[in-house]
Amino acid sequence: MITSPKNTTITGKITPEYKSILTPECLEFVTHLQRKFNPKRLELLKKRQEVQKKIDGGWRPTFLPETKSIREGDWKILGTPKDLQDRRVEITGPTNKKMIINALNSGANCFMADLEDSATPTWGNVIEGQINLKNAVNNTLDFTDETTGKEYKLQKNHAVLIVRPRGWHLDENHFVIDEQYCSGSIFDFAVYFFHNVKKLLENGTGPYFYLPKMESHLEARLWNDVFTEAQKLLGIKHGTIKTTILIETILASFEMDEILYELKDHIVGLNCGRWDYIFSYIKKFKNFKDFLLPDRSIVKMTSHFLSSYSLLLIKTCHRRGAHAMGGMAAQIPIKDNEELNQKAMEAVKQDKLREATNGHDGTWVAHPGLVKIAKDIFDKIMPQPNQINKIPTGTTITEKDLLVPEKGDITEEGVRKNISVGIQYLAAWLGGNGCVPLYNLMEDAATAEISRAQVWQWNKHQCTTVDGKKIEPAYVKQIVKEEMVKIKNEVGEQRYVKGNYDKAAKMFEEMSVAREFEDFLTVPAYNEIIRAEAH
C-alpha cells in the first residue's frame, strides 16, 4: 500500500521499486496540478471537436485575425540554455534501460526520451520509464543483457536529456483523482519534474521537454500555466523549464507565432513532426475528396504542403530567436543487403541536406547508426552551433500553400503496405512495445495512424487503385485476410500465436471501414490494454 492524497486511487500494481516514484509528496504534486488544470484541458479537448465540426461544414483554417498583432509584433523568446544551443542531431526512442543508455551514448547532441508515440502506456512501462529516467539523471542507470551478457553503462559525456510526455488527449487510467482519470500529460510531466528538477540543475542542465500534438495556442497557454505553477510549487525560478513544441497538427501550423508567444518564457524551439502532421492533414479534411492523399510513400517533405510548413516553421522560429528542428529519419541500417542499405542511407543524406540547407538548426534520427550521417551533413553546412541568425527572405507562405494536397496514384501495393504495417505495429503496441522495426523503418504510433487514416479515407470516398480496384469494405477485408496470411508466414507460427495479431487485425479493420472516424488509434488500443490488465 502507498499513501495517496484524499479522493485519489491508484489502480495499478505497486512494487517496492514503484514506491520510490509514487511517493506521497509526488502524488500530492500531481494531484494539485490535475485539480487546477484538468477542467481547462477537458474544455480545450471539447473545443477540438467544435473546430472539427466547422471544418466538416466547409470552413478552412486561416491565420487568426484576432492575433495579427502577435504575428506582426517585434518580440523574442526569453532565451536558450547553453546545453541546448547546439542540437544538430537528436535521437528519439522509448524509456527502457537499454534504449536510454544507447541513445544517451550514441554521439547525438540530445536524446528525446519518449513517454508518448513510441511507448505503450501500460502501467509498468509508465512507472518503470520514470524509474529509468530518474536513474539516468542520477547517473546510476545500467543494464546487462541476459542473452548476450553484454553490460551497458552511461558514458560521462552523453547527450542532453529531453522528455516527451503524452499529449493532452490521453488519460492515465491507473490514477483516479476525484472520480476522473488523471491527464496523461500532467502525470508524465509532473512525476519527472518533481523527482529530477533539482538534480538536473545541480548537473548543469535543466528540466527539458518536447510537447506533442497541440492544435492551438490556447493549448500552449495551458502548458505554460502548468509550468508556471509547477515551478512556483517547488520553489524553482520561473523560466527554468524549457520546452520544444512539435508542430505535428495542421491547425498548429497556422498558429506557430502564437504558440511561441504563449510559451515565450519557457520555449526554445519548434519541431517538424512530419508523420503526425500528415496524419493530422488526413484526419482534419477526411470528409473532402479534394484533400485525398496518394500512397504514403509518395508523400514526402518535398510535397508542396509539407515543404511550405517546414519553411514557415524555420522563418517563424528564427524571427523569434528559437530553434527550428527538422523531422525524423525513420530508416534503420540494413545489415543483410548492401544495395538496399546504400539506397536507404542516401535517402537519409538527401533529407538532412535539404533540412540543413533550408535553415533547420538540427534534425531527428531513430537509430544510432544514423547519427554520424546526419551530423556530417549539419557539420558541413552549419559549422556554428545553430542557424538562428539565418532568417529566410523572399519566402512568403500563404494559407493556401499549407493546404495544397499532394497528387499521385493510389496503388494496391500502397493499400497492402498500410494494412500490413498498421496491423503489425498495433499488435506490437498491444503487447507493450510502441517502437517497432518494420521493413527497414522504425515505426511508431504516427505511421500506424497514417496507415489506418488513409485506408479509412480511401474507403470513405470509394477510391479506385491505378489498376481499377474499388476500395470498399469488402476489398479492405479481403486484403486484411491476405496480409494476415503473409504476416503469419513472416513471423512464424510460434510468434504469431503469442502475439496480438488477430486482435490487432480486427481492431484495424473495424476502424478502417467504420462510418465514423476514430480520432486516435491509441485511445481504443489503450482501453484494450486496461481491459487485458484487469483480467
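Student: Is the crossing of α13 and α15 left-handed or right-handed?
Tutor: Keep in mind that this is a predicted model. The crossing of α13 and α15 is right-handed.

Student: What describes a pair of packed helices?
Tutor: Two packed helices are described by the angle between their axes and the distance between the axes. For α13 and helix α15 (residues 473-491), the axes come within 9 Å and cross at roughly 60°.

Student: Which residues of α13 and α15 meet?
Tutor: On the α13 side they are E412, V415, R416, I419, S420, I423 and Q424. On the α15 side they are Y475, V476, I479, V480, E482, E483, M484, K486, I487 and E490. By class, the contact of α13 with α15 has nine nonpolar, two polar and six charged residues.

Student: At what angle do α13 and α17 pack?
Tutor: Helix α13 (residues 412-430) packs against helix α17 (residues 501-513) at an angle of about 125°, and their axes are 8 Å apart. These two helices, α13 and α17, are therefore oblique to each other. The crossing of α13 and α17 is right-handed.

Student: Which residues in α13 meet α17?
Tutor: From α13 come N418, I419, G422, I423, Q424, L426, A427 and L430, and they meet Y501, K503, A504, A505, M507 and F508 in α17. The contact of α13 with α17 divides into 10 nonpolar, three polar and one charged residues.

Student: Now the empty space. How is it found?
Tutor: Rolling a probe the size of a water molecule over the atoms shows where empty space is left. In this model there are four cavities of 30 Å³ or more.

Student: How much space lies in the largest cavity?
Tutor: The largest cavity holds about 260 Å³. It is lined by 26 residues, and R164, W275, M328, W364 and D444 are the closest to its centre. Among the elements that give two or more residues to this lining are β2 (89-93), β3 (110-114) and α14 (445-460). The largest share, three residues, comes from α9. By class, the lining of the largest cavity has 11 nonpolar, seven polar and eight charged residues.

Student: What is the volume of the second largest cavity, and what lines it?
Tutor: Its volume is about 110 Å³. The second largest cavity has 16 lining residues, with E116, D117, L170, A445 and T522 nearest its centre. Helix α14 gives the most to this lining, with three residues. The classes in the lining of the second largest cavity are eight nonpolar, two polar and six charged.

Student: And what volume has the largest pocket?
Tutor: The largest pocket has a volume of about 1000 Å³. Of its 34 lining residues, W275, S297, K300, Q331 and L441 are the closest to its centre.

Student: Which element gives the largest share of the lining of the largest pocket?
Tutor: That is α11, with seven residues. Elements that each supply at least two residues of the lining of the largest pocket include α11 (338-358), α9, β12 and α13. By class, the lining of the largest pocket has 15 nonpolar, nine polar and 10 charged residues.

Student: Where should I look again?
Tutor: Look at α13, which packs with α17, crosses α15 and supplies at least two residues of the lining of the largest pocket.

Definitions and conventions:
Residues numbered from 1 in each chain as written. Predicted model: local features only at pLDDT ≥ 70, side-chain atom pairs only at ≥ 80, totals over all residues. Heavy atoms only, no water. Axes fitted to C-alpha atoms, helices over the stretch in contact; angles between N-to-C directions. Helix = DSSP H or I, 4+ residues; strand = E, 2+ residues; numbered from the N terminus. Parallel < 35°, antiparallel > 145°, perpendicular 65-115°, else oblique. Left-handed = near helix turned anticlockwise from the far one by under 90°. Contact = heavy atoms within 4.5 Å. Nonpolar A, V, L, I, M, F, W, Y, C, P; charged D, E, K, R; others polar. 1 Å grid on protein atoms, 1.4 Å probe; cavity = no way out; pocket = protein on both sides within 12 Å on 5 of 7 lines; lining within 4 Å. Points joined across faces, edges and corners; volume = space filled by probe spheres on them.
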